[in-house]
Amino acid sequence: MNLLEQIYDRLESLNKSERKVANVIIGDPATATRLSIASLAQAASVSEPTVNRFCRNFEAKGYPDFKIQLAQSLAGGTPYVSRNVEQDDSTEEYTDKIFTSTIAALDVARKGVNAGLISKAVDYLIQAKQISFLGLGASGPVATDAQHKFFRFNLPVAAYEDVLMMRMVAAAAHTGDVFVVISYTGRTRELVDVAQIARENGATVIGISAENSPLAKECTVLLAAPTPEDTDIYMPMTSRIVQLTLLDVLATGVTLRRGVDFHQHLKKIKESLKATRYPSE
């Protein structure tokens, strides 16, 4: 494993202070390679000796050596495709690598999920007057997928991929409305602006995004979704799968909170599809 993958793998075993350093690095590895030790310590709200200790735990000689290794972690792969794939990979090799990296990313995300924050997000969703899922770029279809799941809960649900519509819906928001904002980097200006507008109008904002990002600061609840993927350089792959899985977790939580009496309603929806399908053999 390269350095970034080691940090993900050992995240749960780090102490509280070291985990703060790890989360800053994971949130934006490319930026972390350009930070001074003082800047990284400030971003993580820890001391410089803590950062040095963190670096030595990963067998770096010091902070400069750690930054070099981190940069090397980001330098591999095929630009604009995947960090895990090389240009001369065979069909068998790149197929295996994509599946393997996706499984690994899901496992890293699973270890990093905060059950308390999941429960809090489900609380807001179960009490929502209406839910809006927002996503741009690769996160847009993720928002649409969430709409397909959450409409089953007898709540007004919509998904938006258009920035102007997002701004208007946020401006018309009220207390009790919930906005689920999906952004891997949390640095998309339009989404941060919309989250701020929604909060100013009394709405709850649930973010599926990176910790310590501009979007994270505007969220009522943040469900951090770290994956070792630099979407500034590579095609979004594992990050999108993690987002979809987190939304499946939220949908499951809402379903379970509704109780067994709600199953009849879900059954009714499923049975409505029978006439559209050929019978299985």
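Modeller: One definition comes before the tour: helices (H or I, at least four residues) and strands (E, at least two) are DSSP runs, numbered from the N terminus. Glutamate 59, for example, sits in the loop that links α5 (48–57) to α6 (63–75). This is a predicted model, in which local features need pLDDT of at least 70, side-chain atom pairs count only at pLDDT 80 or more, and totals for chains, interfaces and linings use all residues. Numbering starts from 1 along each chain as its sequence is written, and side-chain values use heavy atoms, with hydrogens and water left out.

Let us stay with glutamate 59 for a moment. Its relative accessible area is 72%, so glutamate 59 counts as exposed (exposed is over 50%, buried is under 20%, partly exposed is in between, with a 1.4 Å probe and protein chains only). The phi angle of glutamate 59 is near 60 degrees, a positive value in a residue that is not glycine. Asparagine 212 also has a positive phi, of about 60 degrees, and is not a glycine either. Asparagine 212 lies in the loop between β4 (204–209) and β5.

Five strands build an open sheet, in the order β2-β1-β3-β4-β5, and the pairing is parallel (two strands pair if DSSP finds at least two bridges between them). At the edges are β2 and β5 (221–224), each of which pairs on one side only.

Look at strand β1. Of its 6 residues, 5 are buried, and the strand is mostly covered. β1 has two partners in the strand order given above. Towards β3, 6 bridges join the two parallel strands. In that pairing, glutamine 130 faces aspartate 177 in β3. Glycine 135 likewise stands opposite isoleucine 182 in β3. Helix α9 (residues 139–150) packs on this sheet and touches β1, β2 and β3 (contact means heavy atoms within 4.5 Å). Towards β2, β1 pairs in the parallel sense over 4 bridges. There, leucine 134 stands opposite tyrosine 160 in β2.

Follow the chain out of β3. Serine 183 lies in the loop between β3 and α11. Its relative accessible area is 4%, so serine 183 is buried. What is serine 183 in contact with, leaving aside its neighbours within four places in sequence? The list is Ser139, Thr188, Leu191, Ile208, Ser209, Ala210, Leu215 and Gln243.

Arginine 110 is 136 residues away along the chain, yet the C-alpha atoms of leucine 246 and arginine 110 are separated by 9.2 Å.

α7 (residues 91–112) has 22 residues. Ser101, Thr102, Ala105, Val108 and Ala109 are its buried residues. They cover an arc of only 130 degrees around the axis, so they sit on the same side of α7. Their cover includes α1 (3–9) and α12. Arginine 110 belongs to the other face: the side of α7 turned away from its buried side carries the exposed residues Glu92, Phe99, Ile103 and Arg110.

Methods:
Axes are lines fitted to C-alpha atoms, for helices over the stretch in contact, and angles run from 0 to 180 degrees between N-to-C directions. The expected span of a helix is 1.5 Å times one less than its number of residues. The arc is that of the directions from the helix axis to the C-beta atoms.
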